[in-house]
Amino acid sequence: MPTYVYETIPQFEGEPAKRFEIRQSMKDAALTQHPDSGQPVRRVPIGGTGLMGGSSGGSQASSGGGSCGTGCGCH
């Protein structure tokens with residue numbers, strides 16, 4: 001199960017948001033309230049390019065190398 005990052009939604013001006021992590025199934029709905037305090041929360045998008053790609057220079061597969069390069073003999 002993945003771990004998601006949430007933060008509280010400040011109710012008053014100047015109140016800091018507090019972040020926390022929780023493990024949830026991908027099928028579970030996003031939390032709307034902190035599990036302990038009941039304060040409203042929102043999921044924080046934390047990302048990278050690991051699963052979705054995103055490099056601007058093209059991928060190895062498109063250049064004929066695959067993920068293992070061109071010298072392995074499997075292509």
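Student: Why does Q24 count as buried?

Tutor: Q24 has a relative accessibility of 5%. Buried means under 20% relative accessible area, exposed over 50%, and partly exposed in between, with a 1.4 Å probe and protein chains only. Since 5% is under 20%, Q24 counts as buried. This is a predicted model, where local features need pLDDT of at least 70, side-chain atom pairs count only at pLDDT 80 or more, and totals for chains, interfaces and linings use all residues. Residues are numbered from 1 along each chain as its sequence is written, and side-chain values use heavy atoms, leaving out hydrogens and water.

Student: Where is Q24 placed?

Tutor: Q24 sits in the loop between β2 (19–23) and β3 (41–43). Strands are DSSP runs of E with at least two residues, and helices are runs of H or I with at least four, numbered from the N terminus.

Student: What joins the side chains of Q24 and Y6?

Tutor: A polar contact of 2.6 Å joins them. The term needs a pair of N or O atoms within 3.5 Å; within protein, one must be able to donate a hydrogen and the other to accept it, and residues adjacent in sequence count only if both atoms are side-chain atoms.

Student: Which residues is Q24 in contact with, leaving aside neighbours within four places in sequence?

Tutor: They are M1, P2, Y4, Y6, A29, L31 and R43, where contact means heavy atoms within 4.5 Å.

Student: What makes Y6 and F20 a stacked aromatic pair?

Tutor: Rings of Phe, Tyr and Trp (its six-membered ring) pair if their centres lie within 6.5 Å; planes under 30 degrees apart count as stacked, over 60 as edge-to-face and the rest as tilted. The centres of Y6 and F20 are 5.8 Å apart, with 15° between the planes, so the pair is stacked. Y6 lies in strand β1 and F20 in strand β2, 14 residues apart.

Student: Why do Y6 and F20 count as buried?

Tutor: Y6 has 0% relative accessibility and F20 has 15%, so each value falls under the cut-off for buried.

Student: How do you know that β1 and β3 pair?

Tutor: Two strands pair if DSSP finds at least two bridges between them. Strand β1 (residues 3–8) and β3 have three bridges, in the antiparallel sense, so they pair. In β3, V41 is the bridge partner of T8.

Student: What is the strand order of the open sheet?

Tutor: The three strands run in the order β2-β1-β3, with antiparallel pairing. β2 and β3 each have a single partner strand, so one side of each is left without a neighbour in the sheet.
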